[in-house]
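Please keep the sequence and the model at hand while reading.

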Amino acid sequence: MFRTVIPIVIWLLLLQYQCHAEQKTTTDCSKLPKSIAPQSCCRFPEPFQNPILNECYTLYNDIGQCFVECLFNRSGICHQGKCSYQRAIDYLDSEFALQQSAFKDIYKRAFKKCIAKANDVLGNMVKRFSRHGCHPLPEIIRFCIRNEMFTSCPNGYWNERVPGCSKKRDFIRNCIKDN
C-alpha cells in the first residue's frame with residue numbers, strides 16, 4: 001500500500017508546486033511585447049502556394065492590403081469583399097503542401113474562427129479601412145490566422161531560440177480578449 005501512496009503524494013506535491021509556480025508567472029497585459037514575425041517563432045507553412053504568391057507579388061509589388069486581397073481572391077476564399085469558410089476549406093484541402101502537414105487542422109480551425117469573427121464583428125464597418133481601393137477584410141483575416149498559427153504551434157515547430165517569442169505568445173493567449 002505504501003508503494004502506491006508515496007508516488008501519489010509526490011505527484012500531488014509536484015502538481016501543487018507547478019500550480020503555485022504558474023500563478024506566480026503572470027503575463028503583464030499593460031506592456032505590448034515587441035513585434036516579432038510569427039513565422040520566426042513557429043515554422044508554419046504558408047497556405048498560399050508559389051503560383052498565387054508570385055502572381056500577386058507581380059501585381060502589387062509589396063506585401064500590403066492589396067497583395068493580401070489578391071491572395072484571398074485568387075485562392076477563391078474571398079470574392080468582392082465576402083470571405084467564405086467553406087471556400088477556405090476547399091482551398092486548404094486542394095493544397096498539396098498542406099496535405100501531410102501538422103498544421104492543416106490548425107489552419108482549418110483558424111480560418112473558421114477568423115472568417116466568422118471578421119464577417120460578424122466587422123461587417124460593413126471595415127470598408128472605411130480600405131486602402132488603394134482594396135478591401136481590408138482579407139488582411140484582417142490573415143492577421144488573425146497568423147496569430148492563431150502562432151498561439152497553436154505544435155511543440156516540434158516552436159523556435160525557443162528567438163528572444164521574445166514565448167513572451168509574445170503568452171501576451172496573445174492571456175491578454176487579447178477572445179483571441
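Which residues does phenylalanine 72 touch, not counting residues up to four places away in sequence?

## Basis of the values

This is a predicted model, in which local features need pLDDT of at least 70 and side-chain atom pairs count only at pLDDT 80 or more, while totals for chains, interfaces and linings use all residues. Residues are numbered from 1 along each chain as its sequence is written, and side-chain values use heavy atoms, with hydrogens and water left out.

Phenylalanine 72 touches Phe48, Ile77, Cys78, Phe111, Pro138, Ile141 and Arg142, leaving aside residues up to four places away in sequence; contact means heavy atoms within 4.5 Å.

Phe72, Ile77, Phe111 and Ile141 touch the most other members of the largest nonpolar core, which has 37 residues. Such a core is a set of buried (under 20% relative accessible area) Ala, Val, Leu, Ile, Met, Phe, Trp, Tyr and Cys residues joined through side-chain atoms within 4.5 Å. The largest share of this core, seven residues, comes from helix 7, helices being DSSP runs (H or I) of at least four residues, numbered from the N terminus.

## Helix 8 against helix 9

Helix 8 (residues 137-151) and helix 9 (residues 165-175) pack at an angle of about 115 degrees with their axes 10 Å apart, the axes being lines fitted to C-alpha atoms over the stretch in contact and the angles running from 0 to 180 degrees between N-to-C directions. The two helices are therefore roughly perpendicular to each other, a class that spans 65 to 115 degrees.

Threonine 151 lies in helix 8 and is buried, with a relative accessible area of 10%. Not counting residues up to four places away in sequence, threonine 151 touches Arg169, Ile172 and Arg173.

Key
Parallel < 35°, antiparallel > 145°, perpendicular 65-115°, else oblique. Buried < 20%, exposed > 50% of the residue type's maximum accessible area, 1.4 Å probe, protein only.
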